[in-house]
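Here's a short tour of a protein chain, written for someone new to reading structures. Have the picture handy and follow along.

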Amino acid sequence: MAITLSTTFTDNLLGHGDVTVADQIGGGTLILYGSGSSPPAGPNEGPVGTVIATFTFSAATAQGTPAAGSMTLAFAATTVVASGSATADYFRILNSGSTALIQGSVGLSASDWNLSSIVINSGDNVAITGTPTISWVVS
């Protein structure tokens, strides 16, 4: 699965340029899911499966400054306690109004978000390590 963008997200980016990625994700969430079989086609469809863990983005003003198609992401906490048990296979980024903006794959390698283990149990710590970034290919 490749990263897919919602209509809301792309419409805001294609608008007048005054709604930045940081504005859209600030105060929103990154949710890790286990679909149980097959993730939805993209963020315009409803979520399926189990919510495994939820990370909250810091405010828009705390997000990194974009450069060369990449931006550092800031979270309120980079370690959270899993709320559900499942095998993680996709994630979504939601804005502060809970509208899904971005969906991507989760796996052990060659995924949009690579984890050290995709089998997560309720009560486990789930951590984002390193410097989390969001990037687009710029040519």
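## Getting our bearings

Helices (H or I, at least four residues) and strands (E, at least two) are DSSP runs, numbered from the N terminus. This is a predicted model, in which local features need pLDDT of at least 70 and side-chain atom pairs count only at pLDDT 80 or more, while totals for chains, interfaces and linings use all residues. Residues are numbered from 1 along each chain as its sequence is written, and side-chain values use heavy atoms, with hydrogens and water left out.

Let's begin with alanine 110, which sits in the loop between β8 and β9. Its relative accessibility is 82%, so alanine 110 counts as exposed (exposed means over 50% relative accessible area, buried means under 20%, and partly exposed is in between, using a 1.4 Å probe and protein chains only). Most residues other than glycine have a negative phi. Alanine 110 isn't a glycine, yet its phi is positive, at about 55°.

Serine 98 has a positive phi too, about 70°, and isn't a glycine either. You'll find serine 98 in the loop between β7 and β8 (100-107); these two strands form a hairpin with 5 residues between them. At 55% relative accessibility, serine 98 is exposed. Follow the chain and threonine 29 is 69 residues away from serine 98, but in space the two are 7.9 Å apart, C-alpha to C-alpha.

## A strand with both sides covered

How many of the residues of β7 are buried? The count is 5 of 5. In a regular strand the side chains alternate between the two faces of the sheet. On one side of β7 are Tyr90, Arg92 and Leu94, on the other Phe91 and Ile93, and all of them are buried.

Strands pair if DSSP finds at least two bridges between them. β2 and β7 run antiparallel and are joined by 5 bridges, with tyrosine 33 having tyrosine 90 in β7 as its bridge partner. β7 also pairs with β8 in the antiparallel sense, over 5 bridges; here arginine 92 has glutamine 103 in β8 as its partner.

## Rings that meet

A pair of aromatic rings is described by the distance of the centres and the angle of the planes. Rings of Phe, Tyr and Trp (its six-membered ring) pair if their centres lie within 6.5 Å; planes under 30 degrees apart are stacked, over 60 edge-to-face, and the rest tilted. By this rule there are 5 aromatic pairs. One of them is tyrosine 33 with tyrosine 90, stacked at 4.7 Å centre to centre with 5° between the planes. This pair links distant parts of the chain, since tyrosine 33 is in strand β2 (residues 29-34) and tyrosine 90 is in strand β7 (residues 90-94), 57 residues apart. Both tyrosines are buried.

Phenylalanine 55 and tryptophan 113 make an edge-to-face pair, 6.2 Å centre to centre and 65° between the planes. Phenylalanine 55 is in strand β3 (residues 50-56) and tryptophan 113 in strand β9 (residues 113-114), so their pair ties together parts 58 residues apart in sequence. Both of these residues are buried. Ring pairs also join Phe55, Phe57, Phe75, Phe91 and Trp113 into a cluster.

## A tucked-in serine

Is serine 6 buried or exposed? With a relative accessible area of 2%, serine 6 is buried. Its place is in the loop between β1 (4-5) and α1 (7-14). Leaving aside neighbours within four places in sequence, serine 6 is in contact (heavy atoms within 4.5 Å) with Pro43, Asn44, Ala100 and Leu101. A polar atom of the serine 6 side chain lies 3.0 Å from the backbone oxygen of alanine 100.

Note on methods: A polar contact is a pair of N or O atoms within 3.5 Å; within protein, one must be able to donate a hydrogen and the other to accept it, and residues adjacent in sequence count only if both atoms are side-chain atoms.
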